[in-house]
Each structure stands twice: as structure tokens, then as C-alpha cells.
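Please read them with the structure open.

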Amino acid sequence: MDLNLLWYLVPSVVMFCCGVYGFVTRKNMIAILVSLELILNSADLNFAIFNRFLFPGSMEGMVFTLFAIAIAAAETAVAIAIIINIYRAIGSTEVNETNSMKH
Amino acid sequence: MGITLPILILALPLFMFLLLGIGGVKMSRKTAGVLGILGMGTTMTLAYIVAFTYFFSGDAAFINAEGVRQQLQVFDVTWLAFTPKLVVKLGFLLDPIAAMMLVVITTISFMVHLYSWGYMEHEGGFQRYYAFLNLFSFSMLGLVVATNIFQMYIFWELVGVSSFLLIGFFYRLPSAVSASKKAFIVTRFADLGFLLGILTLSYFTETFNFIDMTSNPMNVLAETGGATFLGCSVLTWAMVLIFTGGMGKSAMLPLHIWLPDAMEGPTPVSALIHAATMVVAGVYLVARMFPVYCVVDAAMNFITVVGAITAFYAAVVACTQIDIKRVLAFSTISQIAFMMVSLGVARTYELPGVHYGGLGYMAGMFHLFTHAMFKALLFLGAGALIHAVHSNDYTKMGGLRKYMPITHWTFLIGCLAIAGIPPFSGFFSKDEMLAAMFGNSWLWGAWMTMVAGLTAFYMFRLYYLIFWWEENPEYKHHRPHDAPWQMSLPLLILAAVSVVAGFIPFGELVTWNGAPYHIHLEAPVAVTSIIVAVAAIALATVMYRKKNPLPSKFRNAMPGLWRAAHHRFYWDEIYLFITHKIIFGIICNAIAWFDRHVIDATMDAFAKVTQKVSYSIRGFQSGNVQSYVLWYFFGALALAAITWICLL
């Protein structure tokens, strides 16, 4: 069986939809952050796939993937720091309760 | 003539106004009074020098070889240049009527300054009063020497403001405040007509300058061409509108209602502004534009008719008033209307079969001069009476001749002058006016002779009720006495002037074209007017010399007429009805309804719709990122689907 583009794209789409589903339904910030990482990873996967199948002679897609992973790591660190601070302030990580600045 | 004196004549009162107005609070009453009197005395001297130089020096600039007096612009500087054509200038025009008015204004103003020192002694705001008097004198002098109609309009408004300020001088009295507002608003309405007239006229003539317009009135007629509006030529409209301004200032029917109320001001102010100078501004305006008026027969006839009706109306009303200042106010209206008729019947061209020419003009100006003197005298006399009795009503007076001899004799001279008894000044000017009126048409002559008879009657009615009739018993507690010298001296001076002013050879000095006119008494006219005046005085003597039931019998014989005249033929009520019931009640209510229910409602509807829509969609802006993402996701899906469908 030949591994064509579709075999790679389907998991990527499944991963993206799971991420979106989790992002929309979860109330816990950590879970939302995890869902966000799923979405990001599906996008990274797409970069790698399209580079591999459409432009095999070049490396830009791969480089971008590495770049995105590095940025995602940094961004996750910042997000975790914010969530920890929110937890210290209001004793909860539920998004419904972090509304004291809204009004 | 250099420009120093003319500039000083205008600058000195303005300077005194600023000095007393700004520095007055720091001055004592005496300082302010002396400064005001000295300032006006100096102005008077300067004005006399200018006027006498103009009339009697024989300089070629003032009078040419044929003895025709010239119009001279001493200076004329550009003040506002809006466009090359629309230029407003300020200047000093010297001609016979301007020189005469300089004398009249400064003389009366000086007398009033002196008189006020005694009259206003115990009133608050003494310094402010003198400041306003100086402002008025400045404005009035600027008005009479205006070189162009726009300058005249500016000073016209300034005299209106000074009049407003002085009528409302006792600003704690509600009646004075409403009188000042009334005077200002009524004259403003008239001035609107004046401004429209100026604009219409100058649009065609392309100049504001008096000399340019009056030296060749046929040019003005030609420039307006055949333009018509609502069936009348544009020039007629312009001249009638300009006259409307004069009607407002000179209190002609139906814009006369402010003048009787203006008597709420201090009495010397009434003498200066509302008897001698400002109210004749309308007459002066017509005289200034006289050659142009002459080519517009319709406007002249309009002036004549308005004047004749006003003169009669005011004379009848004056017969029934109780307040002595009101009687004098209506008498002023009547006399000014006399001058208007006199101007209205005059023509610069020869009428067929009539040789009078500009006699009416000369007579009107003559009467303006003599009237200013004797009416100021009468008002100042009334002020002395009010000062002594502390009331404006003749019912509180009576039998005063023994207590106030100076006032009595001067007042009598004033009454004789206004009644037209020779040799007092009023006789000569009135005789010339009546001759001019008979020269135009026997109708105006007879009509105005009747008014002259009424004048004699109501003046002597007033005189007898004040000085004879029956003594007020309150004199025993409070004995009235003659006024202090500051007040008596102006009375004596003005009385002396009123006696001799008729012998001034006025026709040699002031005529419409500057050429001398030799006055000769028209014997039939003079005899008729003397007979009418004497008969009227005799009637007044019979009715009012001693207390008797005759006046009340007359009153009861025609109660309706008497009541109507006493209420001034309900003009004020008519105005109140029109303004309150019709304008405020009906028109303004309808406009207010439209404003509230249509204009406001439209705006409210916009606001309400915006608000409703906002409320209904505010849920989208929840701040909940997850729901945003969901919407975004579905939106992206929908776009993808649409793109896919389109690509198929």
C-alpha cells in the first residue's frame, strides 16, 4: 500500500478537529491549552506533509515546523505562568470564573 | 477748516464716556458731575465754533459766490473694506442741517448735564448716569455728521443702545426694565426695515455716500431702472423701508408704543433723548435723504399720511393722559409727526401753480430746532415738578404757581411756544410748516391746523391742571418749592431761547439745497393758526382754570371716546394680542408642536432604533473566547463550503 498525501492529512484533520472540539467545550484552562497544542501540532504536521509531497527539493516547510515548535514551547511556558498566577489569585482555573476584569 | 475740531467734537464725549464709565467708581459724585459738565461744555463750545464758522465765516469752502451753502466732507476715512465695492467709511459731513444739529444736540445735552447734577443728586449710580449721557451724546453727534448711510446706521444703533441703557437706568424697577426692553425691541424691528432699505438702495447705487446719492437723485432713479417688486418700484420700496427705520426711532404710528413707556427713565433723559434729539433722528434721516425722497412721490405721500395720522392720534391721546410725562411724550410724538408731514409735503421741484418748493423742508428743520428747545424746557420743567411733588400725576399737583414761580413762568413760556402764540418760537416754525402744507393741499393744511389747535388745548389743559385748578391739601405738610440753581438755570436759559429762537433767520441758514430762502409770514395762515390756538387756549382756560365739573361733564358725554383715548386707542393691547395670542399662542404653539413631535421625534427614533438593535446583538460580544472560536470555526467552514461549491 502506497502512503499518499491523504494518509497523512486525515490524522492531521482528526487532530485539528479534536483540538477545536476540546478548545470549545473544555472549561479548564490547562485542557484548553492542551487543545490549543493539538491544533498547533496538526498545523505543523501539515507543513511537513506538504513540504515532503509537493516540494521535495526544498526545506522551508521543515524549518517552519521546527520554528513553530520552538515558539509553541515558549508560548506554552508563558501561558502556564499566566494560568498559575490566575490560580493563585482566584483559586481556580475555570474560564467561567476568570471574569472579574470583564465588567 | 482743519480736522482737529470735528474730531474733538466726537472724541471728547467718547473719552468722557470711557473715563466716567471705567474710572467713575473711584470718583466722588462731585468729581464725576463736574467732569461730565465740563466735558460737555467744552464739546458745546467746539460745536458752536464749528457751526458758526460754517454759517457765518463766508469761507468759499462753505458758501459759494451765489450764496449757496456747500456740503463738505471734513474727513472720510475707510473703516471696513470688505470688497472693493462694499466699503464702509467713517467721516464728518458738514452741511446746514448737520451744523444745526450739532448746536441743538450739544446745547440740550449740556443743559441736561447741568440739570441732572441737581435732579439726580440723591440717586444711586450717578457716575454711570453721566457716562451713559456722554455715550449718547457721542452717538448722536456721530449720527448727524455721518457721511454715508452705513455710518448713520451704526450710530443709529448706538443711540438705540444708549436710549435702552438710560430708560432702564433704574434697573431695580420692573416697569423701567420692561420699558427699556420694549423700546429696544420695537426700534430693532424698525431698524430691520432700515437695514433692508439700505441694502436695497446701495445694491443699485453701489455707494453709501450721502452726497453721491443726493447730489443727483435722478441718477439713483435711473440706476434702479424699471426694477419692480410687488407692483411698486424697487426705489419706492427702498425709500419706504428706510423710512420705516425713521418711523421706529421717531415713534410714528404704529411703532410709537415704546415712547410713552420710555418715560420710565429719569426725566432729564426724557428731555434729552425722548424729546429733543434722538426721536428726531427719523426726521433727520428723511431730511438727509430728502432729494432722493423727492423723486419718489409714493414714499413722500406715505410719509405725509403716516405723519398726519400720527399727529392727530397723539394729540387726541395727549388730551386724556394723567401722567404729565405721558402728556409730554404724546405731544412729542405729535410734534415730530408735524415735522414729518412738513417734509412729506415738500418737493424740490415746482408744483404746478405752487411756488413753495423746499419750504416744507426748511420749516420742518426750523420746527425741529425750536421744538427741541421748548420741549426740552417743558420736560425739564416737568422734572422740577416731579422733584418737588414726588409724583408724575397732575392729580397730585394743582395750584403750584405760588410755590414754584420760576418753574411756573418757564413752563408757561414753553406752553405758549408749543401752542404757537407769537412772538414765541413755536409760532414761527409752525406757521412756516402750515404754509407749506397749505401749499401742497388744503386738506393737509386744514388737518394740521386742527392738530395745532389740539396741541394748544392739551398743553394748556396740562398747564392749568398743574399750576391752577385746586391746591393739593398735602402741600401743608410738604411745601413744594423751586428747584436748586443747577435745575433752574437750564430752565431759564431754555426759556430765553424759546422766546427768541423764532427770530432766527432760519431760511437764510438751512434749506434743502443750501440756497437761502427768504421767510415771509403768510398772513392768512398765520391769522388762522393764531385764532385756532387762542380759541383752544380759551377753551382750556374755561375748562381747567378753576375746579369745576365741566371736564367730567365732557368726559361723561362721550365715555367711549374718552376711555379709548385714555387707553391710547388700545394700541398696546393690540400688540399684546398679536404677540401673545396670535404669535405665541397659535403660531409658536404650532411650531413648538412640530419641533417636539416631528423634528425631535425623528431624532429620538434614530436613537431608539440604534439602541434596540444594539441590545439585541450585544450577546455576541460576550468576552467568551471559546464561543468566538466556535463562531469563527463555523464561519470558516461555511466559507470553505461556499468556495468548494463555487469551484465545482
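**Notes on the predicted model**

1. Start with the strands. B:Gln73 stands opposite B:Leu93 in β2(B). β1 (residues 72-81) and β2 (residues 87-94) of chain B pair antiparallel, over eight bridges. A hairpin of five residues joins β1(B) to β2(B).

2. Next, the largest pocket. It holds about 720 Å³ of space. Its lining has 27 residues, and those closest to the pocket centre are B:Cys319, B:Arg461, B:Met543, B:Tyr544 and B:Trp562. Four helices of chain B give two or more residues each to this lining: α19 (442-467), α22, α23 (550-557) and α24 (559-566). By class, the lining of the largest pocket has 18 nonpolar, five polar and four charged residues.

3. On to the cavities. The structure holds five of 30 Å³ or more. The second largest cavity contains about 50 Å³ of space. Its lining is drawn from chain B and includes B:Phe427, B:Lys430, B:Asp431 and B:Leu434, along with B:Ser529 and B:Ala533. Which elements each supply at least two residues of this lining? They are α18 (425-440) and α22 (523-544) of chain B. α18(B) gives the most, with four residues. The lining of the second largest cavity divides into five nonpolar, two polar and two charged residues. Note that α22 of chain B also contributes to the lining of the largest pocket.

4. The chain contact needs a look. Nine residues of chain A and six residues of chain B take part. The area buried between chain B and chain A is about 630 Å². Carbon and sulfur atoms give 68% of that area. On the chain B side, B:Gln626, B:Val629 and B:Phe633 lose the most area to chain A. Together these three account for 72% of what that side buries. How many salt bridges cross the interface of chain B and chain A? The rule finds zero.

5. Salt bridges elsewhere. Over all chains, the structure holds nine. One pairs B:Glu264 with B:Arg326, with the closest N and O atoms 3.6 Å apart. B:Glu264 lies in the loop between α10 (258-261) and α11 (267-276) of chain B, and B:Arg326 lies in helix α15 (residues 324-345) of chain B, so the pair ties together parts 62 residues apart in sequence.

6. Check the cis peptides. Most peptide bonds are trans. The bond from B:Leu253 to B:Pro254 is cis, with omega near 0°. B:Pro254 sits in the loop between α9 (234-249) and α10 of chain B. A cis peptide bond also joins B:Pro422 and B:Pro423, with omega about 5°. The loop between α17 (405-419) and α18 of chain B holds B:Pro423.

7. Check the positive phi values too. Most residues other than glycine have a negative phi. B:Glu206 has a positive phi, near 60°. Where is B:Glu206 placed? The loop between α6 (174-205) and α7 (210-215) of chain B contains B:Glu206. For B:Trp469, phi is likewise positive, near 45°. B:Trp469 is in the loop between α19 and α20 (485-500) of chain B.

Methods
Residues numbered from 1 in each chain as written. Chains lettered and ligands numbered in written order. Predicted model: local features only at pLDDT ≥ 70, side-chain atom pairs only at ≥ 80, totals over all residues. Heavy atoms only, no water. 1 Å grid on protein atoms, 1.4 Å probe; cavity = no way out; pocket = protein on both sides within 12 Å on 5 of 7 lines; lining within 4 Å. Points joined across faces, edges and corners; volume = space filled by probe spheres on them. Nonpolar A, V, L, I, M, F, W, Y, C, P; charged D, E, K, R; others polar. Pairing = 2+ DSSP bridges. Contact = heavy atoms within 4.5 Å. Buried area = accessible area lost by both parts, 1.4 Å probe. Salt bridge = Lys/Arg side-chain N within 4 Å of Asp/Glu carboxyl O.
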